[in-house]
Amino acid sequence: MPVSSPTTLLAPQSGTAVQLHRGDTLAIIDTTGGQVADLAFFSAADLLESFAPGRTIDYLERIKLRVGDSLYSQRSNELATVTRDDVGVNDMLLAPCSQAMFAKRGEFGHASCHANLTASLASFGIGPHAIVATLNVFMDVRVDADGRVTIHPPPSRVGDRFELRAQRDLIVGITACSSELTNAGQCKAIAYEVVAHRD
Ligand SMILES: [Zn+2]
């Protein structure tokens with residue numbers, strides 16, 4: 001029987017982490033439009049097992065997820081499956097923004113997804129070096145014929161949703177992305193819901 005949690009708002013440039021049981025659904029909801037959420041996935045049974053974009057791209061033979069696609073771990077296990085995608089724009093090529101990345105651009109002490117994921121996942125025993133790859137929901141990353149990568153404003157609008165069903169017990173880090181460049185010039189809030197399935 002599905003049990004929906006209340007909608008939780010993540011403040012701009014912040015993060016959190018949730019536990020999902022197999023069968024639970026995680027929904028990301030854009031509450032203002034044009035905002036990205038980075039998701040970091042770990043198997044609750046073994047935290048060394050995590051989302052592997054390279055494996056996922058290999059199996060899908062695409063760099064964008066569609067409804068029905070699964071995210072794979074580095075051990076080729078399915079972690080979660082996309083069940084709803086109102087926008088059809090997401091990214092799994094780029095790493096979460098980090099303080100070191102901003103420092104390279106001369107922006108020191110900038111809030112970042114990596115720092116927010118680190119703070120949120122610490123209580124589950126997941127350290128900063130384990131946070132390598134994320135699924136970046138609503139992020140518009142394009143690759144041209146020469147391989148050049150560019151970031152465009154997220155096309156998501158108010159109320160757009162992206163949903164995944166857990167294929168095993170998971171720990172998931174979630175951020176309201178902290179990069180102005182990624183979020184059409186302004187970092188905004190984003191919301192999430194967990195719909196639990198209990199037999
Ligand atoms: Zn970010």
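A residue is classed as buried if 20 or more other C-beta atoms lie within 10 Å of its own, as exposed if 12 or fewer do, and as partly exposed in between, with C-beta atoms placed from the backbone. The model is predicted, and local features need pLDDT of at least 70, side-chain atom pairs count only at pLDDT 80 or more, and totals for chains, interfaces and linings use all residues. Residues are numbered from 1 along each chain as its sequence is written. Helices (H or I, at least four residues) and strands (E, at least two) are DSSP runs, numbered from the N terminus.

Helix α3 spans residues 113–121. It is largely enclosed by the rest of the structure, because eight of its nine residues are buried. These are C113, H114, A115, N116, L117, T118, S120 and L121. They pack against β3 (15–20), β5 (37–43), α2 (99–104) and β14, where contact requires C-beta atoms, placed from the backbone, within 7 Å.

L181 is exposed, because 12 other C-beta atoms lie within 10 Å. Its C-alpha is 7.7 Å from that of I151, a residue 30 positions away in sequence. A184 belongs to the loop between β14 and β15. A184 is partly exposed, with 18 other C-beta atoms within 10 Å.

Most residues other than glycine have a negative phi. A184, not a glycine, has a positive phi of about 55°. E61 also has a positive phi, near 60°. E61 sits in the loop between α1 (53–60) and β7 (70–72). With 6 other C-beta atoms within 10 Å, E61 is exposed.

How values were computed. Contact = placed C-beta atoms within 7 Å.
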